[in-house]
Amino acid sequence: MAEVRARRGTMKSRHARAPLYEALEQYSQKDIVHFDVPGHKKRLRSGLGEYFGERIIRLDANSTRELDMLSNPNGIIFEAEQLLAEAYDADYAFMLVNGSTFGIQAMIMTACGPKDKIIMPRNVHKSAINAVILSGAIPIFIEPEVNLEYGIANGVSYDRVKKAVLDNLDAKALFVINPTYYGVVSDLQAIIKLCRRHHIMVLVDEAHGAHFPFHPDFPDNASTLYADMATVSLHKTGGSLTQSSVLLLNERDITYSQVRTTINLMQTTSASYLLMASLDLARRNLVLNGQEIYEDILAIVEKAKVEIAAMPGLHVLTSDDVDGHGIYDYDETKIVIRVNDLGLTGFEVYDIMKNEFGIQLELAETYVILAVVGIGDDQQTVNQLVAGLRTISHRYAGQNKPLKLEQIEWMTERPMSVVSPRDAYYSPKRIIPIKDAVGEICAESLMIYPPGIPLVIPGEKLTQRIIDHYMFYREQKCNIVNNAEDPDLIQVLGEAND
Ligand SMILES: Cc1ncc(COP(=O)(O)O)c(C=O)c1O
């Protein structure tokens, strides 16, 4: 790693450029009469300018010869992608304009065809489940380690990965999350070595790890460890615009043109230059200034975590919790706070923080809240978070009994898979009241968002506990994601009764 970091130190002069952004800026200033799309023609009178400002309208372009083309880049987009690849220590980078959701689907669809086995943790984001439906791959699930005290799923232990690999030596790929939503990292280096030994490709969901390469105290990023592919949501923690993301490739078993072909199967032919230019600018900022920015942020977060941990009724997850909960390393920019000792759920604290203190947290779970600290934060924003928590601690600590809910124990119990997700998705379905669905085979994914990790996926058998868990989330007024038009209904396998 020292060698990689030294290499990064020498690349700053190349990264002072933002070729895509610079060309777009020049293009936007030219006096061109547009008889191409987009239809706003970069003119204020089109209706958007007065709301978004003229600058946004002028930078919102379509592909032209000088602006290159995302589906077959060989000019400024390719140059910007090469710089992204270098920043993340990969052979190639592919800019994406439909989030890491799309990158995860592209990785899995490139690596796996119908009936190929892919090993993955059960706590994957819904995009990985959807990718299995699209590709027809057969998922072999590994149970993540569960931290029952916090009520969260962590990484997968090396031992469980090894067992799954040795039991499935014919698997095509293994999918890992680096880090989980809560900042937890598995032993990725050992997992990659194991998979290389057995000729299994490693695909990494690095949606929450865009900042990893830019400070030595962060966990290792997947491309540096030579994972085959990784998808990184620069929009989540790297500072680019929402929806912009990047797929990284180390060309070994999978070639550049294979990934390009899959991407072109599904990605828009009208990629947003605002999103792509934001990736270019975010990369430049991360390479040039990331270490300094994150040095400050880490110091601010460290102090804040000490303060929060000292507040009665609150507990904070830190790197020191590396003790068999499937945690190999930890991303300290995530602030996971356990609040149930206040006698409140995470959902209640989440609402109080928003409604009383104007603080928007990333998510809540039964016992915890999660604050994500990003490149735009500073001492002032973190102080506000700490002040809000201090008021809540003063108000509620010692007032109620600590909250202990049996739902937490259910996290260790997983539904049984009866039909592959793809077969379930394409089977005849009927819609029934969810309260009557015990014993039925589910035809859709049910989850709360965020985090978008399904309680049940297509092909799994519904149990009373899954349904009770779902109802609990409904009572807590979580955002439910399901496909039936009514949250009291669910799609299950079987012919519809007319
Ligand atoms: C673990 C994980 N993977 C993938 C995604 C998808 O990322 P995106 O929102 O960029 O599509 C998310 C989104 O929340 C996520 O939490």
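**View 1. Glu-348 lies in helix α13, which spans residues 346-357.** Helices here are DSSP runs of H or I with at least four residues, strands are runs of E with at least two, and both are numbered from the N terminus. Glu-348 counts as partly exposed because it has 18 C-beta neighbours inside 10 Å; a residue is buried if 20 or more other C-beta atoms, placed from the backbone, lie within 10 Å of its own, exposed if 12 or fewer, and partly exposed in between. The C-alpha atoms of Glu-348 and Glu-365, which are 17 residues apart along the chain, are separated by 9.7 Å. The model is predicted, and local features need pLDDT of at least 70, side-chain atom pairs count only at pLDDT 80 or more, and totals for chains, interfaces and linings use all residues. Residues are numbered from 1 along each chain as its sequence is written.

**View 2. Helix α6 (residues 99-111) and helix α7 (residues 126-135) have axes that come within 9 Å and cross at roughly 40°.** That angle makes α6 oblique to α7, since angles under 35 degrees count as roughly parallel, over 145 as roughly antiparallel, 65 to 115 as roughly perpendicular and the rest as oblique. Axes are lines fitted to C-alpha atoms, for helices over the stretch in contact, and angles run from 0 to 180 degrees between N-to-C directions. The crossing of α6 and α7 is right-handed; a crossing has this hand if the near helix is turned clockwise from the far one by less than a right angle, and is left-handed if anticlockwise. Thr-101, Ile-104, Gln-105, Ile-108 and Met-109 in α6 meet residues of α7 that include Ser-127, Ala-128 and Val-132, contact being defined by C-beta atoms, placed from the backbone, that lie within 7 Å. The residues of this contact between α6 and α7 divide into seven nonpolar, five polar and no charged, where Ala, Val, Leu, Ile, Met, Phe, Trp, Tyr, Cys and Pro count as nonpolar, Asp, Glu, Lys and Arg as charged, and the others, Gly among them, as polar.

**View 3. Helix α5 (residues 76-88) packs with helix α12 (residues 273-309) at an angle of about 35°, their axes being 10 Å apart.** α5 passes α12 in a left-handed crossing. From α5, Ile-77, Ala-80, Leu-83, Leu-84 and Ala-87 meet Met-276, Leu-279, Asp-280, Arg-283, Leu-286 and Val-287 of α12. The residues of the contact of α5 with α12 comprise nine nonpolar, no polar and two charged.

**View 4. The chain that holds these helices has 16 helices and 19 strands.** Buried residues make up 49% of its 498 residues.

Terms used: Two residues are in contact if their C-beta atoms, placed from the backbone, lie within 7 Å.
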